[in-house]
Amino acid sequence: MAPPPPPLAASTPLLHGEFGSYPARGPRFALTLTSQALHIQRLRPKPEARPRGGLVPLAEVSGCCTLRSRSPSDSAAYFCIYTYPRGRRGARRRATRTFQADGAATYEENRAEAQRWATALTCLLRGLPLPGDGEITPDLLPRPPRLLLLVNPFGGRGLAWQWCKNHVLPMISEAGLSFNLIQTERQNHARELVQGLSLSEWDGIVTVSGDGLLHEVLNGLLDRPDWEEAVKMPVGILPCGSGNALAGAVNQHGGFEPALGLDLLLNCSLLLCRGGGHPLDLLSVTLASGSRCFSFLSVAWGFVSDVDIQSERFRALGSARFTLGTVLGLATLHTYRGRLSYLPATVEPASPTPAHSLPRAKSELTLTPDPAPPMAHSPLHRSVSDLPLPLPQPALASPGSPEPLPILSLNGGGPELAGDWGGAGDAPLSPDPLLSSPPGSPKAALHSPVSEGAPVIPPSSGLPLPTPDARVGASTCGPPDHLLPPLGTPLPPDWVTLEGDFVLMLAISPSHLGADLVAAPHARFDDGLVHLCWVRSGISRAALLRLFLAMERGSHFSLGCPQLGYAAARAFRLEPLTPRGVLTVDGEQVEYGPLQAQMHPGIARGRTQTPALPAAPALYGRQPGAAHGLQPVCQGAALFFHNSWLWGSQDLFRIVLTEAVGG
């Protein structure tokens with residue numbers, strides 16, 4: 001029996017048409033839109049044998065818009081797409097392609113054609129279905145998702161705000177997303193903010209920082225009395241910190257090649273522009289004092305936690321702080337006696353197997369924002385609009401949020417780029433507001449106020465005020481741990497116990513321990529498992545170094561190291577028997593002593609991309625079928641040859657390795 005024919009979705013034309021170009025008026029192009037790419041073929045003046053830029057993968061597209069000429073005599077409409085292709089050296093660069101719809105005699109007919117293409121492309125980017133035989137109009141588009149961006153301005157080497165302003169905000173504005181942005185001021189500030197938000201007014205919370213800020217957000221959601229609904233809020237991460245482990249996992253899971261620094265941020269920002277929904281496992285961790293917190297990343301003891309905490313004093317170095325911390329850790333390698341017990345997974349997973357600034361192209365258009373309509377305003381606590389920042393206007397929010405966006409939005413109230421147009425030749429273009437604001441979208445969105453001090457909870461939310469003496473970092477709500485007996489009591493007979501001297505113990509949920517460290521290459525965001533890795537004493541410094549170098553490619557399990565162990569579990573208990581040591585949860589130091597943890601499968605929500613596109617977003621979201629909910633991602637490749645955790649460390653490690661082998 002012959003196999004069924006392959007699906008035609010990837011190659012079947014959805015739209016086809018002929019367009020002119022802008023600003024050059026001579027060339028003509030044939031455009032073909034499929035579910036995977038926009039195909040561009042030059043028709044005049046001479047068809048190209050090998051067209052350059054003739055294929056625009058949708059995975060590289062952030063958004064699109066329609067434009068019109070300022071000249072009253074120009075009956076053409078314009079269709080513009082924003083792309084981020086890779087250059088010759090692998091770095092992404094921003095590029096725009098603008099096409100002129102001029103096949104009809106009137107502007108209204110040409111505008112309808114431009115809007116048809118922009119609507120179809122936006123639906124593909126967001127995973128929205130296109131009508132089989134129906135007309136493609138802006139009515140198909142829902143209102144833009146409303147995102148709350150939380151930025152840690154001190155993330156990484158203090159570049160988080162600069163990268164956010166220069167790269168993240170323009171890209172999500174190109175995608176037509178509505179957002180409001182807050183800068184955090186202190187530890188646990190994000191936790192307090194999400195505890196006081198009226199979450200029904202938002203479609204997602206995105207952290208622009210390292211892994212620590214997302215840890216605060218998730219624990220804040222789970223510490224609300226309405227945690228069962230709150231934890232369904234889609235959360236996401238844009239990497240601007242030192243570790244960026246979850247972003248590395250999302251980047252790989254979305255189909256991109258491994259990246260670091262600004263390239264990783266741009267990849268994740270592209271993925272964020274699409275949205276979607278996917279479950280996210282969380283690990284409930286009970287500490288020796290009885291307090292509880294939730295982890296999306298890892299619990300570490302020994303070498304990994306030592307490096308993480310001891311390198312805090314080198315935070316000014318950014319990700320290179322881990323390099324220096326690793327060198328120091330190898331030079332003073334410790335072992336720790338302890339007891340590790342775990343409840344094996346019922347179904348075992350597959351065995352483990354083997355900053356430079358982005359150049360921004362000048363816009364091809366000169367756009368001018370329409371006058372902002374009057375908007376109801378409820379200021380968010382210390383939002384960017386309330387800070388003395390060097391921006392052309394005091395506010396920083398998107399058109400769908402309560403405050404106007406200054407010179408950033410390209411899909412609704414575009415930026416002023418008069419410097420790119422000298423006043424001669426063709427008249428400049430301006431945004432078409434009909435596509436920028438889909439029918440039914442609100443002119444202004446009322447967002448919940450959050451004020452100074454303790455979080456203020458709106459009366460409509462029905463939540464009690466949080467008590468000021470609540471334990472910081474400990475959750476009093478959240479799901480019960482039905483697999484865990486109380487700490488200090490005997491474990492059930494179906495648990496496995498290991499006791500001895502360890503160099504490290506790591507319990508990890510996603511695949512990545514860092515942006516370029518693939519600790520559990522077979523792990524998934526929603527596999528319902530905690531992946532336990534440990535290294536027993538007796539390993540040499542050289543062998544331990546080889547493990548971490550192989551971890552860049554996820555091939556450390558294939559080295560045949562006898563001290564390296566692995567188990568997939570649903571719950572575990574760790575009992576340090578050494579009186580002194582360091583324990584971390586998601587990279588944050590916690591009290592030292594016995595702890596135990598249980599995995600809660602799929603309890604949180606993330607926004608990811610449909611398998612139809614070759615890349616997935618960094619923001620996890622609601623279930624398919626829900627408002628603004630899209631589909632899960634496809635698995636991507638992971639092949640990398642350099643890293644940030646060991647960045648610039650070859651000479652230093654060569655010295656350490658030589659000493660280790662010699663001694």
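Modeller: A residue is called buried when its relative accessible area is under 20%. The structure discussed here is a predicted model.

Biologist: Why is alanine 76 called buried?

Modeller: Its relative accessibility is 3%, and the cut-off is under 20%, so alanine 76 counts as buried.

Biologist: Where does alanine 76 lie, and which residues does alanine 76 touch?

Modeller: Alanine 76 sits in the loop that joins strand 5 (61-69) and strand 6 (77-83). Leaving aside residues up to four places away in sequence, its contacts are Gln100, Ala101, Asp102, Tyr107 and Asn110. The C-alpha atoms of alanine 76 and aspartate 102 are 4.7 Å apart, although 26 residues separate the two along the chain.

Biologist: What makes helix 8 (residues 303-310) largely enclosed by the rest of the structure?

Modeller: Of its 8 residues, 7 are buried, so helix 8 is largely enclosed. The buried ones are Phe303, Val304, Ser305, Asp306, Val307, Asp308 and Ile309.

Biologist: How do you know that the largest nonpolar core lies between domain 2 (146-275) and domain 3 (301-346 + 483-606)?

Modeller: In this core of 68 residues, Leu150 and Ile172 touch the most other members.

Biologist: What describes the packing of helix 6 (residues 245-253) and helix 7 (residues 261-272)?

Modeller: Their axes are 10 Å apart, at an angle of about 60 degrees, and the crossing is left-handed. By class, this contact has 5 nonpolar, 3 polar and no charged residues.

Notes. Residues numbered from 1 in each chain as written. Predicted model: local features only at pLDDT ≥ 70, side-chain atom pairs only at ≥ 80, totals over all residues. Heavy atoms only, no water. Core = buried A, V, L, I, M, F, W, Y, C linked by side-chain atoms within 4.5 Å. Buried < 20%, exposed > 50% of the residue type's maximum accessible area, 1.4 Å probe, protein only. Axes fitted to C-alpha atoms, helices over the stretch in contact; angles between N-to-C directions. Helix = DSSP H or I, 4+ residues; strand = E, 2+ residues; numbered from the N terminus. Left-handed = near helix turned anticlockwise from the far one by under 90°. Nonpolar A, V, L, I, M, F, W, Y, C, P; charged D, E, K, R; others polar. Contact = heavy atoms within 4.5 Å.
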